[in-house]
Amino acid sequence: MSAMIDRPPALLLAFAPGRRGNGTIDSETILSAEGLTRRFGGITAVEGYDLRLAQGDLVGLIGPNGAGKTTVFNMLSGVLRPSAGGVAVNGQDLTGRPAHRFARAGLARTFQNIRLFDDLNVFDNVMSGGHMRLGAGLWPTMLQLPRFWRAEAAIRERAAGVVELVGLGPHIGRRAGDLSYGDRRRVEIARALASDPQVLLLDEPAAGLNPSETAGLTALIRELVNRHGITVLLVEHDMRLVMALCHRIQVLNRGRFVAEGAPREIQSDPAVIEAYLGTRRTRAGAA
Amino acid sequence: MSKNVPDALALPQARPLAGGLRLAALVALLLAALWLASSVLSAYGATLAALVCLNVALAVSLQLTNGLTGMFSLGHPAFMMIGAYVAAVLGYPVARKSTMLSGLPEALAAWQAPFVVAVALGAVAAGVAAWLIGLVVLRLKGHYLAVATLGLIVIVQGLALNWQGITRGGSGLSGIPRKTDIWWCAGLMIAVLVIVWRLKFSSLGRAMMATREDQLAAECIGVRTARVKLVAFVLGAVMAGIVGALMAHLITVVTPRSYGITLAFNLVVMVVIGGTGSITGAVIAAVAITLMGEGLKPLEEGMGLYGLSQMMVALALVLVLRFRPQGLFGSGEPGWLIRFFRPELSR
Ligand SMILES: Nc1ncnc2c1ncn2[C@@H]1O[C@H](COP(=O)(O)OP(=O)(O)O)[C@@H](O)[C@H]1O
Ligand SMILES: [Mg+2]
């Protein structure tokens, strides 16, 4: 309760169901953000970012380097506390809460600069994603109670399923730090999926992948959304991938919205073209 | 499941009996060997074997904190001291309490705690101290824990030195009943080994290692890293507290200088030489360093080369850091050991 009280009143209003002017947060909304702003010292990295993701959405977040996309991800996942604005996952206002609360509420993410548990093998990396929902506590573990064995079996089963889904089977015994770049990206996605998320944030998942790996990734994202009902927010510089996959696209430049809409509209939007021409981006510089 | 999935992904049985039976068999074998040895060993040999067991327990319990969870605690000697003093004071014979421990409250002075109770309360005291420190320090990034635990050693030593009425100050507590024997020490060692091994090969252990490898990524998959670190730290401290309590009742003396910074250094060296996170490595390093220290004693005393064993420990550390920086076993365990105890993990 105290969590509710020490929050600014404006946010309480913004996220209290049924009290907003333009519609309440319906049960369909899985991830919503309102007025997210983040300042680093003097500079404003992100200002007034809004988002509303419904179940099954696949939304792209694009913009030139330094536009603030990763900062948005960090705020949406609880890694960074916003300077202003709020985030709600599954209707729970989690603004200012630690990242593990976001994960528990159903949000998982990957990192632009991959962050694996390098010294663990692939399967342990993936299984670690199952700890939050399935892991046994201290006493059942130390005493190896039946609950411990059931938990371990459930975690292995879930991890095995995810490993198969992302096609990491041949690598499960290898040390994560020794894998190729593309495989490391897949391990990170697998680890995120093992936490059984409803919404998945992918930060430049195709960066550094070769064309066949990119094709595999595209198919995987499509399968996650269409077959498994996972909601995806995607930051990506590969425009072909973004345009082919996303239902809706948000364009950010210097921390502010430039445009938002269907891929077709975005491609022909003069403001978007200007944002990209203004800071010409090279594929190599993107990663 | 499709056929390109390796065997290891085949679903495990719910409760692998084989591992448990093998563990029981091994423990029985170990105890039988110990029983045989105890009838052969001299009193000195038995005490040395007990010390080896306690040092193994110390190194492996530190492996939980520093190795698996990636913290840098130097606090084991402080927790041992807390365990030792609490247990010794509580377990002192009533007749001696009244003459020697003038500062003790009435109720405690008139009561000699049974050995097990004294040890348990020593462990609880060590755990509470660790919990309080952990609450404050573990949320900070960097080497605050090393500094704080180093400070704790100094504080506990200062308390022991100055709290005359209860600790008898610099002269320490002597004439503690010799309640500990090789069985207690071997029992504790086995318990610590089993608990740390079980944790390492569990979801909680993976959460600990995830915290060690990348705390932010661990948080983002829902690991409550602050809590995981606190659990590992407190559990390690409790184990150290029990070792301290047993050691006081083995050597029958505890003074403010019994467990200090040198011991903290030696324990960290055992963890580093064995390999950060490797239980097997910690066991081997603890046995080797303890036996070396004892083996060099005649040389130190006979030829006046005091400090020789300490120099050898430092030399061993330098050599390992130079030629095998990951330690003898890296962070893993030998494959045959995993196959033996957790056959379902490796097929
Ligand atoms: N931790 C930080 N401290 C200071 N400035 C930061 C930090 N993180 C990001 N920034 C700044 O915020 C801006 C947006 O960065 P980022 O979100 O990484 O952009 P993008 O992911 O779109 O390339 C950049 O100007 C960057 O320098
Ligand atoms: Mg970025």
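Predicted model: local features only at pLDDT ≥ 70, side-chain atom pairs only at ≥ 80, totals over all residues.
B:Trp131 sits in helix α6 of chain B, which covers residues 115-137. Its relative accessible area is 42%, so B:Trp131 is partly exposed.

**Another tryptophan of chain B**

Select B:Trp35 next, in helix α1 (residues 17-40) of chain B. Is B:Trp35 buried or exposed? With a relative accessibility of 57%, B:Trp35 counts as exposed. B:Trp35 and B:Ile182 are 147 residues apart along the chain, yet their C-alpha atoms are separated by 9.5 Å.

For a pair of another kind, go to B:Ala186. This residue belongs to helix α9 of chain B, residues 182-200. B:Ala186 is buried, at 3% relative accessible area.

**A charged patch with residues from both chains**

Show A:Arg104, A:Arg133, B:Arg224 and B:Arg227 together. These four arginines gather in a patch of positive charge on the surface. Pick out B:Arg227, which is found in helix α12 (residues 225-251) of chain B. The relative accessible area of B:Arg227 is 45%, and the residue is partly exposed.

**The magnesium ion**

Move to ligand 2, a magnesium ion. Which residues coordinate the magnesium ion? The ion is held by OG1 of A:Thr70 and OE1 of A:Gln112, at 2.0 to 2.1 Å. A:Thr70 lies in helix α3 (residues 69-76) of chain A, while A:Gln112 lies in the loop between β6 (107-109) and α5 (122-128), so the pair ties together parts of chain A that are 42 residues apart in sequence. Colour both residues by accessibility. A:Thr70 is partly exposed, with a relative accessible area of 26%. A:Gln112 is also partly exposed, at a relative accessibility of 22%.

**Salt bridges**

Over all chains, the structure holds 15 salt bridges. Three in chain A are visited here.

Begin with A:Arg186 and A:Asp183, whose closest N and O atoms are 2.5 Å apart in a salt bridge. Both residues are in helix α9 of chain A (residues 181-194); being three residues apart there, they are separated by about one helical turn. How does their accessibility compare? A:Asp183 is buried, with a relative accessible area of 9%, whereas A:Arg186 is partly exposed at 26%.

Then select A:Asp178 and A:Arg175. The salt bridge between them has its closest N and O atoms 3.0 Å apart. A:Asp178 has a relative accessibility of 48% and counts as partly exposed. A:Arg175, at 34%, counts as partly exposed too.

A:Arg227 is exposed, with 63% relative accessibility, and A:Glu223 is partly exposed, with 22%.

Now widen the view to a network of salt bridges. Which residues are joined into one network by salt bridges that share partners? They are A:Asp119, A:Arg175, A:Asp178, B:Arg212 and B:Glu213. The pair A:Asp178 and A:Arg175, already visited, is linked by a salt bridge.

**Two loop residues with positive phi**

The tour ends in two loops of chain A. Select A:Asn90, in the loop between β4 (84-89) and β5 (92-93). Phi of A:Asn90 is near 55°, a positive value in a residue other than glycine. A:Asn90 is partly exposed, with a relative accessible area of 30%.

Last, select A:Gln144, placed in the loop between α7 (138-143) and α8 (146-166) of chain A. What is the phi of A:Gln144 near? The angle is near 45°, again a positive value in a residue other than glycine. A:Gln144 has a relative accessible area of 11%, and since buried means under 20%, A:Gln144 is buried.

Technical notes:
Residues numbered from 1 in each chain as written. Chains lettered and ligands numbered in written order. Heavy atoms only, no water. Donors = N, O, S within 2.8 Å, 3.2 Å for Na, K, Ca; no water. Helix = DSSP H or I, 4+ residues; strand = E, 2+ residues; numbered from the N terminus. Buried < 20%, exposed > 50% of the residue type's maximum accessible area, 1.4 Å probe, protein only. Patch = residues over 30% accessible without salt bridge, like charges linked within 9 Å, V, L, I, M, F, W, Y side chains within 5 Å. Areas by Shrake-Rupley, 256 points an atom, 1.4 Å probe, with all protein chains shown as cover. Salt bridge = Lys/Arg side-chain N within 4 Å of Asp/Glu carboxyl O. Lys, Arg positive; Asp, Glu negative; His and termini not counted. Charge placed at Lys NZ, Arg CZ, Asp CG, Glu CD.
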